[in-house]
Structures are given as structure tokens and as C-alpha cells.
Amino acid sequence: MNYKRLTILCGHYGSGKTNIAVNMAFDLRMQRERVAVADLDIVNPYFRSKDSLKDFEERGIRLICSDFASSNVDLPSMPADLYSITDDRGLSVILDIGGDDRGALALGRLKELIMEENDYEMLMVINRFRPLTPDAESTVEVMREIEYACGIPFSGIINNSNLAEETTAEDVLDSMKYAEEVSALSHLPVVLTTVKESLYDELKDKIHPLMGMTLQKKPI
Amino acid sequence: MSDKILMKGNEAIAEAAIIAGCRHYFGYPITPQTEIAAYMAKKMPKIGGCFLQAESEIAAINMVYGVSSAGKRVMTSSSSPGVSLKGEGLSYLAGSDLPALIVNVQRGGPGLGGIQPSQSDYFQSTRGGGHGDYHMIVLAPASVQEMADLTVKGFELADTYRMTSMILADGTMGQMMEPVSLDFDVKPEIEKPWATTGTKMAREHNIVNSLSLVPEELEEFNFKRYDRYKVIEENETMFEEYMTEDADIVLAAFGIAARVSKNAVDEARKMGIKAGLIRPITLWPFPKAPFKAAAEHCKAFISVELSMGQMIEDVKLASECRRPVYLCNRAGGMIPDPKQVLDSIIKVNGGNN
């Protein structure tokens, strides 16, 4: 995949943003020397990019993240080094924006700087199998809420439709119609489809572009 | 395409409640159950229901009391410290024989504790939660699918027996995501001739109240309530047994502890140790029969809990102390891993393997 300097991942919670952010960072690190993941979730204290800290450190990927993420301190807080995302223009960053529209408010703080530099993709992660985004209308509604909260318009869509371990190739292929409907309604391209690694070979000739992902380890 | 959807445990409870006909939710946010309130806030206005974030847990439980009096399906949800605040309301609901669904997605305690998963509200839930002689029906899900299934079941039992059902989950059950089928056969809601729905000048007033000024009368209410509890103990007890028929070592565990224990049983069997698991699904009424039966042939029980050992007392009572009962536990938000449980099985079995 071709990356801009900033790749911003937004979406309904549980759509798979963090897992994609982690896998994208691994991919991006193969292309570039200085890579960071920025975890700006101010809502959910669980299932954070920080759970993959060891994997980041092994690959020389920097984590920009609140000290309280994945801790017992249930505090909405921003990372102290937040502004290195926009100030350090030699750094390529995957931004993991959790927590729906409320979470996207935090991103709004960086809006002017991000749009002025204009080297970013703002991607909406969608999953047809999540209860509040089962169709194009409801999904675009969530998109609009996020855009309204952070002030940055989306530039593309990532189809991450999955049922966790139970996902079949057929589920993913069927979800392409949904992704196209979201695309038509929002006038935005589907820039990527993501699947668990074990489905990659079966689907790589049928879906373009496709990314196979290792699942982020759960804390237990 | 699969007819399943990918849900968090908390979302599964919320959606199942809506499918069960619940149109009134009152609550106050607390981790790790906030997604229930967030889901209701999004969904209720779209289906003509009422989501209301109360000023406190105490206000929320009393709103539940009001709607239940009017005969409608109603629920609230919270986590451990918030459920303690609801204690007075739970007792008033019991004293007024009102049905309701209460969800407790437990976190570590006591006090404000932490936000990691726990099962240390077992005593509080199975012994009532508030003051006075009463019980709640306590349901303990061990998967996201069961979070949904037992929510529907909880409303049905609450209406049938005019009492509170509680979903007693833990933080992991609330937060984990699994595929769920929401294809339920919801039974039609039963008539509630006692509800305060307006007399239309055609009947006597219905009065919902927990105050009794005549002690003889109050005693009679308590007797009748306990007659009903006897029927529930006979008819509504639920549990799952796993490889217990020939088991020497029988584990007792519910919720996330049961999932860990099942893995440990499999590992023990591979080593040639005859281990098994009894998983209570109703914590009240507690499934006494399988423990009594297992005590006939097993060498010992191990109660696996995310607490300092609470269900262990019921295991001892149910097995009538005929075999030793050991504890394998973590507390304060920690979860025992399968290895800890396996080590415990090996030790209790005599350490020969």
C-alpha cells in the first residue's frame, strides 16, 4: 500500500481499527525508517494499541499513547507527546482514533495542522457484521458523526467486515456489496479490504487491494 | 452470508433486551458496562423507547421501580460499586414483588476497586443485595451468546415469578467480542393484572408498595414469597456438566472462570487425570443436584473463582461436605490462567502426575 505521511483510522468502536493500525504499522515500517502509531482513544481503557507495545519495540516502531492506556486508570487523557504527530514531519504515523464521534473530538485538536500540511488519508473502517452498522445508511450516519466531531472529511473506506475467528471467505466476498453501497452513498473509494491471514491466499485473486492481518494478541 | 453479528457482551445484553420487548432503560455510566448505556442511548430513541441517564444509580433503580409498577419490561445496568448503590432499590423491588432485569458487569473490589474483571459480588447477588428476606434470580453467562440468551430468559423469569432477575457477568464477558445469533423465540409477555395502569373507573385501585404496618401480614407476605422461591428452585435451576460422569476431581466455576476451567479439564484429561466441570448457569437457585451426585464418586471439588472464595460455600453446602472442597482463585481484577487451574487439579489429585 502507498502511504501518506499520516494515515488516520476512524470508525465505529469494535470495527477493527486498532488491529488494522498495528498491521499497517508493520507494513509501513518495511517501507520507511521512522514510523509511529498514535493511539488517541480517550474513551475505552481496554484493547489498545499499547497491548502490542512489545511487537512495536521489536520492530523499532514508536508508540505515541497516553500513559494511562491499558491501565487500571480509567481516565480520558491525551499523550504528552501528541504534537510530535504534526511537528515531526519526518515521522510517518498511523493514527488510531477510537471511541466513535466522542473519541474523534480529540482528533479535532490537530485538525488545522493536519489539513494545512495536507499529506494525510482519513479512512473509515467498516464492518458489516457489527450491530449498529449493518447497512450503508447506518454506516454513513456514523461517518458523518465522526466528521462532524473532528472536522476532517474522510478520503476513503477500509472494508474490515468480519466475524472474528468464525469469518469465512464467503462472508468477506458477500460483504463487498455492502462496502460498494457505502462507497456509492458516501462518494468515497474502498481503498483496502482487510482479512485475517488465514483467508488471504483464498481471496487474494478475488479482492484488490487486500491485506492479510495477524490478530493482535488479547491480554489474557 | 452468516446470519450472525459480531458483538461485545455488553451490546449483546442491550440488543437482546430490546428484542425481549424492553423499551425502558435507566442507568448511570460506569466501566466496564458503559456500552450497554451507550447502545441504549443510540437505539431507544429510534424505536420509540426511553433511554434516560439518571443523576445517580439510586435514581435509576427507583425509575425502574416506577416503570415496573406500571407493568412494562424495564432494566438497569451497572458495575459493582454502582450495584451497591442500587441495593436499597433492589430490596424495595423485592418487597413490592416487582419484576425487573438488573445487570452487574463486575469489576474488582471492594470499594471503588479497579476496572478489571471480577466475580466478587457473588455473595451480594445470591444473598439478595439489599436488606430483608429475599432472593433474586441470578444468571451467570459464560459467552457473548449467553449474555444475549440469558437476558431474554431473565425478563421471562422476572415476569413469571414477579421478582428481579440479575445478569451477573464479569468485565471480560462485557468487553469481549464474539459472533452472536439473535434469532430468538421470545414468548409473548404475560398479563400483569396487578400493574398500576389506571382503573378506568372499572376496577379497584392496584397498589404497589413494600410497607406493611401489620407484622402478621408482613410475615404472611414473606411466607408466600418463599413458597414461590421453592417452585423456582425446583423448576428453574440451570447448569452445564462437562466430563463429570467418571470424574475424580470436579471443578465448579461460572462465567470466565468456567472457560478457563474447561481448558484445564482438557489438559488434565490428556495427562490421564479424570477431571470434570460443573458450571452453574443459575447462581440462585444454585444447582445442588449435580454436586450431590458428583460427591458420590469424586475425590474432591475445586471451586475456581475470581474472588477470595464465595461460591465455594455453596459447593460445600450442595455436596453436604461429603468431599473436601478446595479453592483455586485470583482476586482484585486478576484471572486464573489454565496452568494455575491445572496445577491445582494435579495437586488435589495427589501430585502423582
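I began with A:Asn118, which sits in the loop between helix H5 (111-117) and strand S5 (120-126) of chain A. I note at the outset that this is a predicted model. A:Asn118 is not a glycine, yet I find a positive phi of about 60 degrees for it, and at 56% relative accessibility I count A:Asn118 as exposed.

I then turned to B:Cys321, in the loop between helix H12 (311-318) and strand S14 (325-329) of chain B; B:Cys321 also has a positive phi, of about 55 degrees, without being a glycine, and with a relative accessible area of 57% B:Cys321 is exposed. I keep in mind that most residues other than glycine have a negative phi, and that most peptide bonds are trans.

Next I looked up cis peptide bonds. One runs from A:His208 to A:Pro209, with omega near -15 degrees, and A:Pro209 lies in the loop between helix H8 (197-203) and strand S8 (210-213) of chain A. Another joins B:Gly109 and B:Pro110, with omega about 0 degrees.

Which residues of H9(B) are buried? I find B:Asn222, B:Arg225, B:Tyr229 and B:Ile232, which lie on the same side of H9(B) because they cover an arc of only 70 degrees around the axis. On the other side of H9(B) I list B:Glu216, B:Lys224, B:Lys230, B:Glu234 and B:Asn235 as exposed. Among the elements covering the buried residues of H9(B) are helix H5 (87-95) and helix H7 (144-161) of chain B.

Definitions and conventions. Residues numbered from 1 in each chain as written. Chains lettered and ligands numbered in written order. Predicted model: local features only at pLDDT ≥ 70, side-chain atom pairs only at ≥ 80, totals over all residues. Heavy atoms only, no water. Buried < 20%, exposed > 50% of the residue type's maximum accessible area, 1.4 Å probe, protein only. Helix = DSSP H or I, 4+ residues; strand = E, 2+ residues; numbered from the N terminus. Arc of directions from axis to C-beta. Contact = heavy atoms within 4.5 Å.
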